[in-house]
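Here are my notes for you on this one, in numbered points. Keep the viewer open and look up each residue as we go.

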Amino acid sequence: MSHPEQHRGRWRPRLDRPALVALLLGLVGVVYRLVLTLYTVPVSNSDEATFGLAALHIGQGRERPVFLYGQHYMGMLESYLAAPLVALAGPSWPVLRLPMLALYAVFLYLIHRLTRRLCTPWFATFVVGLLALGGERVVRDQLTVVGGRPEVKPAVLLMLLITVGLAAGTVRRRRLAVALFGLLVGLSAWSDWLILPYLAVAGLALVWALRRELLGWSGLLLVAGVVVGIAPMILDNLRAGPGEDSLTVFREVSTKAGPQPPWSERISGGLLEGVPLAHGLCPVDGCGRWQQWFGVIYPLLLVAGAALAVLAYRRAAATRGERVAPVVQLALVAGAALTLLSYVRSPLAATSPLDNARYLSVLQLSLPAVLWPLWVVAVTCWRGTASVLGRLAGVLATAVLVALTATTLVTTVLFVTTGAAASRTEERAARELAAALRADGPHEVYGDYWTCNRLIFNTDETVICGVLDGDLSPGQNRYRAYWRQVGRAERPGYVVEIDSPMDRRLRRLLADRDDATPVREVAGYRVYHPDTPVRPWR
């Protein structure tokens, strides 16, 4: 990545041309996402607000949550990262998202370092350029605080870099590096279980690299690191009641009753919708047929990546330092295959591919291994060292890489020019509602799930909201203290979207006392404030 240069008695790194171009592309990607962060694009929601409220509570010393409020399986590492900033500057979406932006920058740096170690400098630059782009689906996974993915991807990359360094003998404090590897495994497992396939293959790569070394102190330090990282999860599960442990709860939310969609539909949803969406080739509302091509060839690229890694392993000298690169490449291919297999096993891959494609965002980790065969064939062709058949294959590989870049660029431009405006409009409406209630009340209200926690966060808990379902029955109240506070209010209000099922139901309940129920409309919402409490569920 750089060469040391002596200048007036001091050694300074000098970037070579591929590293310099990668740095510039990475800066473009970071600045692009910084602008989106400052404008709260993509739009916020109540899931993200729950993490923000947890960060507020952590910063104030009120709570020390292990899992997301109302759950027992998604860690709160993102809230702890944001807590100091929220405590210092107060709750706001840009402040909440700044740690995610920093994690994205670290992700770019680490994937460049790893790809350069495994492949070639210019290919590493190409990967950074692709990852610098991003439509709404991609940047939403990278910037919004909704748990897991922004932090576990850099963690896996650092684990693999540690493995490469240990195998090559470039890491001096080997035991400390192994302990760090274990700590990253534990933190990642606590944060988001979706990363488990990559943790498994990274662990196997480490075992291959160290072999007998793990039978001594290194093995003990690895286990100790894992235990320390996952300790919050272990302690919480020891205190959990029957049926409230993480594994039981996760199994319940992952298992849907009813008939299972056929494998063909699940594979189609996973490959044709999930894979292109996860790589930023489609707008957030779905993939057109011309954008699904990458999902069609993705399994072929996985097979080609695995075959190339095995071939490189067999051709390399019989030393761990020479063979670690193909081993790590094979681990990345296996991680992608296991993640995709886990995803298509779920019925959601067929029934709701657009909403659940976010679970495949970790496939970005395997982008170097997936695209490497195309790059090798293309470079061999343009260097003129291939046969006629090889040149035809090289032209095809080049066309695929160009099409991938062009499609990602088009999706990014469309998002910036059209999709961002819709996010800004919705965000302004949410802030207008928050400002109106903060100024004029009511300060204890009921509303639907997607209104409540975002309203609480936008008002810095000046307005407290209890969640109701569309039939005015108690809904998903993640933080029960809010529900209890609204329940004690002498004159709670209602905040409902105009003409929503909740709005129509409430109007019927209040039909006989319209004169005693002040109503005003704010930013697409109706705010009801009855003189006497209206709680039909009681």
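1. Let's start with Val106, which sits in helix 4 (residues 93–118). This is a predicted model, so every value below is computed from predicted coordinates. Is Val106 buried, partly exposed or exposed? Its relative accessibility is 38%, so Val106 counts as partly exposed. Now pick Arg438 as well: Val106 and Arg438 are 332 residues apart in sequence, and their C-alpha atoms are 38 Å apart in space.

2. Next, go to helix 9 (residues 196–210) and check its length. The helix has 15 residues, and at 1.5 Å a residue it should span 21 Å.

3. Which residues of helix 9 are buried? They are Pro197, Tyr198, Leu199, Val201, Ala202, Ala205, Leu206, Trp208, Ala209 and Leu210. The cover over these buried residues includes helix 7 (149–168), helix 8 (174–191), helix 10 (217–239), helix 13 (293–315) and helix 14 (320–344).

4. Now for the empty space. Rolling a probe the size of a water molecule over the atoms shows where such space is left. The largest pocket has a volume of about 1,800 Å³. Its lining is made of 48 residues, and the closest to the pocket centre are Tyr73, Leu348, Asn356, Arg358 and Tyr359. Sorted by type, the lining of the largest pocket has 21 nonpolar, 14 polar and 13 charged residues.

5. Who builds that lining? Helix 2 (46–59), helix 6 (136–143), helix 9, helix 11 (246–254), helix 14, helix 16 (353–356) and helix 19 (449–458) each give at least two residues to the largest pocket. The largest share, four residues, comes from helix 11. Helix 9 from point 2 turns up here again, as one of the helices in the lining.

6. Cavities come next: how many of 30 Å³ or more does the structure hold? There are five. The largest cavity contains about 120 Å³ of space. Its lining consists of Leu130, Leu131, Leu133, Gly134, Val138, His279, Gly280, Leu281, Gln364, Leu367, Leu404 and Thr408. Helix 5 and helix 18 (388–440) are the elements that give two or more residues to this lining. By type, the lining of the largest cavity has seven nonpolar residues, five polar ones and no charged ones.

7. On to the rings. A search of the whole structure turns up 15 aromatic pairs. Take Phe123 and Trp372: their ring centres are 5.1 Å apart and their planes lie at 55 degrees, so this pair is tilted. Phe123 belongs to helix 5 (residues 121–132) and Trp372 to helix 17 (residues 367–382), so the pair ties together parts that are 249 residues apart in sequence. Both Phe123 and Trp372 are buried. They also belong to one aromatic cluster, formed by Phe123, Phe126, Trp372 and Trp375.

8. Compare that with Tyr449 and Trp450. Here the ring centres are 4.9 Å apart and the planes are at 85 degrees, so the pair is edge-to-face. Tyr449 is buried, with a relative accessible area of 11%, whereas Trp450 is partly exposed at 46%.

9. Look at the backbone too. Where are the cis peptide bonds to look at? One runs from Val41 to Pro42, with omega near 0 degrees, and Pro42 is in the loop between helix 1 (17–38) and helix 2. Another runs from Gly441 to Pro442, also with omega near 0 degrees, and Pro442 is in the loop between helix 18 and strand 3 (444–447).

10. Last, two residues with a positive phi. Thr40 is not a glycine, yet its phi is about 55 degrees. Thr40 lies in the loop between helix 1 and helix 2, and at 0% relative accessibility Thr40 counts as buried. Ala523, also a residue other than glycine, has a phi near 50 degrees. Ala523 is in the loop between strand 6 (519–522) and strand 7 (525–528), and with a relative accessible area of 25% Ala523 is partly exposed.

Methods:
Residues numbered from 1 in each chain as written. Predicted model: local features only at pLDDT ≥ 70, side-chain atom pairs only at ≥ 80, totals over all residues. Heavy atoms only, no water. Expected span 1.5 Å × (residues − 1). Buried < 20%, exposed > 50% of the residue type's maximum accessible area, 1.4 Å probe, protein only. Contact = heavy atoms within 4.5 Å. 1 Å grid on protein atoms, 1.4 Å probe; cavity = no way out; pocket = protein on both sides within 12 Å on 5 of 7 lines; lining within 4 Å. Points joined across faces, edges and corners; volume = space filled by probe spheres on them. Nonpolar A, V, L, I, M, F, W, Y, C, P; charged D, E, K, R; others polar. Phe/Tyr/Trp six-rings, centres within 6.5 Å; stacked < 30°, edge-to-face > 60°.
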